[in-house]
Amino acid sequence: MTSDQDPTSPDVKTERALARLAGLSKRLESAGGFPLQPSGSLLRVRGMILEAHGLEVSLGARCLVQTDDNRRIAAEVVGFHGEHVQLMAAGEIQGLAPGARVTPIPGDLKIPAGMELLGRVLDGNGKPLDALGPLGTAAYTSISGVPINPLDRALVREPLDVGVRAINALFTIGRGARMGLFAGSGVGKSVLLGMMARNTRADVVVVGLIGERGREVKEFIEDILGVEGMRRSVVVAAPADAPALARIRGARLATALAEYYRDQGLHVLLLMDSLTRYALALREVALAAGEPPAARGFPPSVFAKLPALVERAGNGREGEGSVTAFYTVLMEGDDAQDPVADNVRAILDGHLVLSRRLAEQGHFPAIDLQASISRVMPNLVPPEELRRVYRLKELEGRYAAQQDLIAVGAYRPGSDPVLDLAVRAHSGIRAFLLQGMHESVDLESSRQALHSLMEPYLAPEVDA
């Protein structure tokens with residue numbers, strides 16, 4: 001204020017009031033640890049979407065909505081409609097009323113991390129679901145990972161032992177690869193995931209149970225993972241009855257934890273069951289926000305966010321840790337051309353397809369040899385081993401094509417030399433592929449068994 005200004009003038013009074021408010025704001029910010037932000041009010045609830053006005057927030061920002069009984073419901077900004085902000089609640093919305101206060105939460109969502117989480121079960125928001133008390137971690141990480149420059153990533157060149165003979169020998173997985181497990185319901189996906197969780201040589205296992213039945217969470221932990229598996233595992237569970245936003249956060253949380261351990265120089269196994277449920281949760285949010293459907297009811301944004309999640313797994317920089325990931329993908333009606341399955345197949349490093357026909361015959365793990373592939377295997381094994389693998393697939397494929405004729409006695413030995421070999425080799429191949437859920441076969445033993453099985457069928461006189 002200059003000397004010639006009247007201290008009683010309205011302009012001077014306004015300046016003084018603003019200065020006092022600025023001082024109070026700074027004192028409140030220093031006491032609360034975060035900047036003050038204006039709150040808005042709830043206008044209406046439309047399905048799963050909450051509409052509010054009076055907010056200055058960006059897409060993805062977190063907010064708290066206050067209910068009549070003074071509860072506060074977490075929500076996330078998912079879109080805008082004119083001056084109205086569209087939010088999706090992360091919990092039950094009962095008790096909300098028109099005009100409810102909506103307060104922004106500054107900063108990104110921080111989640112607990114560290115070795116203290118091993119053996120714990122978390123929900124989609126990073127809160128403990130078990131009865132083992134507070135998490136007690138000193139480290140935190142962000143749920144939104146920073147992508148690694150693809151040119152900085154280490155190449156997939158080291159084989160990974162998963163303890164399953166058929167996968168070790170015929171679909172060798174590389175450390176840092178991203179694999180899909182494609183199947184319909186009830187053909188052994190969870191059992192196969194549990195086998196790999198127990199037997200894979202990894203420092204840490206992160207399991208994301210996304211959108212599955214709540215009953216299966218405890219079954220997977222106690223019956224499939226077991227005590228030994230849980231000792232080095234972190235489980236993130238966002239079951240089917242959780243809100244769509246909690247299921248989305250659960251998948252991102254599991255990925256963020258895997259990234260954290262990788263950045264500590266550890267080798268991580270990430271198991272996500274299932275990627276399809278994550279896609280369905282994305283669809284719920286997108287459709288509720290007004291995005292038009294494109295492929296079988298899936299909006300285009302779903303197919304943009306799937307690779308954004310999957311690409312966060314993989315090897316770190318040279319000399320750092322790795323995240324080897326297995327994602328289960330549900331095929332509706334065993335349809336391999338399901339839009340999610342078709343999209344994910346193109347962005348993964350390979351896929352294992354589980355056959356319902358084999359499962360109905362009691363053949364576990366029910367891996368369809370002809371439909372499955374590991375794109376990284378040629379970089380991990382010598383050419384002579386690949387030759388044995390291709391020969392086994394050829395013989396088993398020939399047998400499968402003529403199985404009905406063989407079953408009814410229409411097959412005549414001597415008419416097809418390759419089919420004759422396939423018939424002779426079939427029982428040995430089937431025994432090689434079968435494995436009990438509590439049985440573990442290491443990588444070297446798997447390769448030796450393949451060598452012994454296929455050597456008679458690679459002799460020069462046989463190929464001639």
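Glutamate 385 counts as buried because its relative accessibility is 6%, where buried denotes under 20% relative accessible area, exposed over 50%, and partly exposed in between (1.4 Å probe, protein chains only). The model described here is predicted, so that local features need pLDDT of at least 70 and side-chain atom pairs count only at pLDDT 80 or more, whereas totals for chains, interfaces and linings use all residues. Residues are numbered from 1 along each chain as its sequence is written, and side-chain values use heavy atoms, with hydrogens and water left out.

Glutamate 385 has its place in helix α10 (residues 383-401); helices (H or I, at least four residues) and strands (E, at least two) are DSSP runs, numbered from the N terminus. The side chain of glutamate 385 makes a polar contact with the side chain of arginine 447, at 3.3 Å. A polar contact is a pair of N or O atoms within 3.5 Å; within protein, one must be able to donate a hydrogen and the other to accept it, and residues adjacent in sequence count only if both atoms are side-chain atoms. When neighbours within four places in sequence are left aside, glutamate 385 is in contact (heavy atoms within 4.5 Å) with Ala169, Arg447 and Leu450.

The overall organisation is considered next. The protein has 14 helices and 19 strands, and buried residues make up 50% of its 464 residues. Taken along the principal axes, the box filled by the C-alpha atoms is roughly 115 × 45 × 40 Å. The domain assignment gives domain 1 (38-107), domain 2 (110-380) and domain 3 (385-455); such bounds come from an automatic or database domain assignment. Between the C-alpha centres of domain 1 and domain 3 the distance is 59 Å. Among contacts between residues at least 6 apart in sequence, 71% join residues at least 24 apart.

Strand β17 (residues 322-330) is largely enclosed by the rest of the structure, because nine of its nine residues are buried. In a regular strand the side chains alternate between the two faces of the sheet. Both faces of β17 are covered, with Ser322, Thr324, Phe326, Thr328 and Leu330 buried on one side and Val323, Ala325, Tyr327 and Val329 buried on the other.

The pairing of β17 involves several strands, two strands being paired if DSSP finds at least two bridges between them. Strand β12 (residues 178-183) runs parallel to β17 and is joined to it by six bridges, with alanine 183 having leucine 330 as its bridge partner. Strand β15 (residues 267-273) also pairs with β17 in the parallel sense, over six bridges, and here histidine 267 stands opposite serine 322. Strand β16 (residues 314-315), by contrast, is antiparallel to β17 and joined to it by two bridges; asparagine 315 stands opposite serine 322 in this case. Six residues lie between the strands in the hairpin of β16 and β17, where glycine 319 takes a positive phi near 85°.

The buried residues of α4 are Glu216, Val217, Phe220, Ile221, Ile224, Leu225, Gly226, Gly229 and Met230. Their cover includes β8 (121-122), α3 (189-199), β13 (204-210) and β14 (233-238).

Most residues other than glycine have a negative phi, and most peptide bonds are trans. Asparagine 70, however, has a positive phi near 65°. Asparagine 70 is found in the loop between β3 (62-66) and β4 (72-81), and it counts as exposed because its relative accessibility is 59%. A cis peptide bond, with omega about 10°, joins aspartate 273 and serine 274; serine 274 lies in the loop between β15 and α6 (275-288). The peptide bond from phenylalanine 364 to proline 365 is also cis, with omega near -5°, and proline 365 lies in the loop between α9 (356-360) and β19 (373-374).
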